[in-house]
Amino acid sequence: MKLLFPLLLTVALVACRSAGAPASHAASLDQEIQLAPGEQAAFGQQELTVKFVRVAEDSRCPTDVACVWAGEVKVQLSTQLATAKPAPHEIAAGQHAMVGAFRLVVVQVQPERISTREISPEEYRVTLRVERPTH
């Protein structure tokens, strides 16, 4: 019992310390990375951080319905280059934004919509790719 209390205290302290900081993933240029809301990707050599803030709009046609318009999904991202201030971006899936010398591409947003169920904000995942344009 004497050993159990220090172990539980250590686990609780670690959980409290990490609860406020967003999960951060190391990432590389030209490779896809998937983020949940609140998570961020750090492109270390480029000194670029990209954070998935939230889904700003999801008007996609549910996969189990025939629609005249496919709709779109837009995500809100926050980017930060080196020592610059964070910058907000709202980008639709399949589109991109320029961040300094980099192209930030929103490859995909999951899950797909279905007509019988609402997607809760924490269920969303965005797949991103950061590229350095050649021209």
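The following exercises with worked solutions concern a predicted model. Residues are numbered from 1 along each chain as its sequence is written; local features need pLDDT of at least 70, side-chain atom pairs count only at pLDDT 80 or more, and totals for chains, interfaces and linings use all residues. Side-chain values use heavy atoms, with hydrogens and water left out.

**Exercise 1. The chain as a whole**

Solution. Start with the elements: helices (H or I, at least four residues) and strands (E, at least two) are DSSP runs, numbered from the N terminus. Next, take burial, where buried means under 20% relative accessible area, exposed over 50%, and partly exposed in between (1.4 Å probe, protein chains only).

**Exercise 2. The open sheet**

State the strand order of the open sheet and identify which strands stand at its edges.

Solution. First, apply the pairing criterion: two strands pair if DSSP finds at least two bridges between them. The 5 strands then take the order β1-β3-β4-β5-β6, with mixed pairing. Second, look for strands with a single partner: β1 (24-26) and β6 (87-92) each have one, so one side of each lacks a neighbour in the sheet.

**Exercise 3. Strand β5 and its partners**

Describe how β5 pairs with β4 and with β6.

Solution. Strands of a sheet pair through backbone hydrogen bonds, either parallel or antiparallel. Begin with β4 (residues 48-58), which pairs with β5 (residues 73-81) in the antiparallel sense over 9 bridges; here D58 lies opposite V73. Continue with β6, which is also antiparallel to β5, over 6 bridges, and in which A87 lies opposite T79. Finally, inspect the hairpin of β5 and β6: 5 residues lie between the strands, and A82 takes a positive phi near 40 degrees.

**Exercise 4. The disulfide**

Locate the disulfide, give its handedness, and decide whether C61 and C67 are buried or partly exposed.

Solution. Lastly, compare accessibility: C61 is buried, with a relative accessible area of 16%, whereas C67 is partly exposed, at 39%.
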